[in-house]
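Here is a short tour for anyone who likes to read a fold element by element. Please keep the viewer open as you go.

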Amino acid sequence: MSSSLITVVYKWTAHPGKLDELKAIYQGVMDAMQQNEPGAAAAHCYVSEQENALYVRDEFQDAGALGFHLGNTAAAHFQQLLAIATPGPFWFFGDVPEEMQQATRQMGLQAEFAPRVFGFDR
């Protein structure tokens, strides 16, 4: 794996009775990422029925791929998601440029950023 890889882990908590709708929207997000985002290395959704929440883990090849996602796929679905769910928190792991950090804060996301310090891949 590349050291420029950026992993984003986040949660959407569905409004009451909206978890199935949230899952359906996110299926569309995943389809769009798979078809239109070659820099999206991986994307996985996990559902907690108990918390009425969807957890997501996205991996991007680099900051450019993350920027493309935020400006296109995420932007295209964001208002629809906000209508049925509460976003956050969002954790960004990797080297995220300051301008992208500012953009996520302007979107009102509860975002935290942590650059890669050490580790290994197999």
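**Helix H2**

Keep in mind that this is a predicted model. Helix H2 covers residues 63-82, 20 residues in total. How far apart are its end C-alpha atoms? They are only 24 Å apart, short of the 28 Å that a straight helix would reach at 1.5 Å a residue. H2 also has a kink of about 55 degrees, centred on Ala74. At the start of the helix, a side-chain oxygen of Asp62 comes to within 3.1 Å of the backbone nitrogen of Gly64.

The buried residues of H2 are Ala63, Ala65, Leu66, His69, Leu70, Thr73, Ala74, His77, Phe78 and Leu81. Their cover includes strands S1 (6-14), S3 (53-60) and S4 (85-93), together with helices H1 (19-36) and H3 (98-106).

Ala63 counts as buried because its relative accessible area is 17%, under the 20% cut-off. His69 counts as buried because its relative accessibility is 5%. The table sets out their contacts, not counting residues up to four places away in sequence.

| Residue | Relative accessible area | Residues touched |
|---|---|---|
| Ala63 | 17% | Ile6, Asp95, Pro97 and Met100 |
| His69 | 5% | Met33, Glu37, Asp58, Phe60, Ala74 and Ala75 |

Among the residues that His69 touches is Ala74, on which the kink in H2 is centred. Ala63 can also be placed relative to Ala42: the two are 21 residues apart in sequence, and their C-alpha atoms are 14 Å apart in space.

In soluble globular proteins, nonpolar side chains tend to be buried together. Here, the largest nonpolar core has 31 residues, and those with the most contacts inside it are Trp12, Leu22, Tyr26 and Leu66. Which elements give two or more residues to this core? They are S1, H1, S3, H2 and S4.

Leaving out residues up to four places away in sequence, Tyr26 touches Tyr10, Trp12, Cys45, Leu54, Val56 and Leu81. One of these, Leu81, is a buried residue of H2.

**Strand pairing around S4**

Finally, turn to S4. S1 and S4 pair in the antiparallel sense over 7 bridges, whereas S4 and strand S5 (residues 111-114) pair in the parallel sense over 4 bridges. Trp91 of S4 is the bridge partner of Val9, and Trp91 also stands opposite Glu112 in S5.

Note on methods:
Residues are numbered from 1 along each chain as its sequence is written. This is a predicted model: local features need pLDDT of at least 70, side-chain atom pairs count only at pLDDT 80 or more; totals for chains, interfaces and linings use all residues. Side-chain values use heavy atoms; hydrogens and water are left out. The expected span of a helix is 1.5 Å times one less than its number of residues. The bend at a residue is the angle between axes fitted to the seven residues ending there and the seven starting there. Buried means under 20% relative accessible area, exposed over 50%, partly exposed in between (1.4 Å probe, protein chains only). Contact means heavy atoms within 4.5 Å. A polar contact is a pair of N or O atoms within 3.5 Å; within protein, one must be able to donate a hydrogen and the other to accept it, and residues adjacent in sequence count only if both atoms are side-chain atoms. A nonpolar core is a set of buried Ala, Val, Leu, Ile, Met, Phe, Trp, Tyr and Cys residues joined through side-chain atoms within 4.5 Å. Two strands pair if DSSP finds at least two bridges between them.
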